[in-house]
Amino acid sequence: MDARDAQLGDTELKKELAATLHARRELGEDYESALVDSFLEKVDQRIDGAVDRRVRRQVAEQQMVVARGSRAPKSTDTWGERYGFGVVSLVVAIPLSGIGGGVAELPGLFVTWAGIVGVNMAWALRGSSALRRRRGKNGDSDWEE
């Protein structure tokens, strides 16, 4: 679905909402529940259609990767997907440092931060096994094209 289709769909959804609100004004509160349910059903159908298209596209991309025998396309991670874990771990580190330092003083603080660093390193290196599998027998990388 490109931007033009999305804009057209949004326009249709706005028209549906306007029609639902107009019908509610004419019919009164007695039919409000049925009108809202009807509108939400249309929204659900739109969401389901969008999800189906995305899933079909991803499956087709994966099938092409398998058929070509090449690696998966480059990741399109957002900033949050790349750095969110680190930011959250630093936020969580504040109370953990207080607890570790308060209970076991300096050794507790060291153990706490060793755990935080270890978890973040494991998160950062989670894809390194795939990198090792992609290396050839002579140690050359096949990542260069």
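Three salt bridges are present in this structure, which is a predicted model. Let me take them in turn.

One of them joins the side chains of Glu16 and Lys42, with N and O 2.7 Å apart. This pair links distant parts of the chain, since Glu16 lies in helix α1, residues 3-27, while Lys42 belongs to helix α2, and 26 residues separate them.

Arg24 forms a salt bridge with Glu29, where the closest N and O atoms are 3.6 Å apart. The side chain of Arg24 also meets that of Glu32 in a salt bridge, at 3.0 Å from N to O. Through these shared partners, Arg24, Glu29 and Glu32 are joined into one network. Arg24, at 27%, counts as partly exposed, and so does Glu32, at 32%.

I now turn to the overall fold. How many helices and strands does the protein chain have? Its secondary structure comes to four helices and zero strands, and the order along the sequence is α-α-α-α.

Within α2, the residues Leu35, Phe39, Gly49 and Val65 are buried. After the helix comes Gly69, with a positive phi near 75°.

For the chain as a whole, 10% of the 145 residues are buried. The accessible surface amounts to about 12,000 Å², and carbon and sulfur atoms account for 60% of that area. If we consider contacts between residues at least 6 apart in sequence, 38% of them join residues at least 24 apart.

Finally, how confident is the prediction? The mean pLDDT of the protein chain is 78, and 75% of its residues reach 70 or more. Confidence is highest in helix α3, residues 79-124, with a mean of 87, and lowest in helix α4, residues 128-134, with a mean of 54. Over residues 140-145 the pLDDT is below 50, and in the model this stretch has eight contacts beyond near neighbours in sequence.

Terms used
Residues numbered from 1 in each chain as written. Predicted model: local features only at pLDDT ≥ 70, side-chain atom pairs only at ≥ 80, totals over all residues. Heavy atoms only, no water. Helix = DSSP H or I, 4+ residues; strand = E, 2+ residues; numbered from the N terminus. Buried < 20%, exposed > 50% of the residue type's maximum accessible area, 1.4 Å probe, protein only. Contact = heavy atoms within 4.5 Å. Areas by Shrake-Rupley, 256 points an atom, 1.4 Å probe, with all protein chains shown as cover. pLDDT = per-residue confidence, 0-100. Salt bridge = Lys/Arg side-chain N within 4 Å of Asp/Glu carboxyl O.
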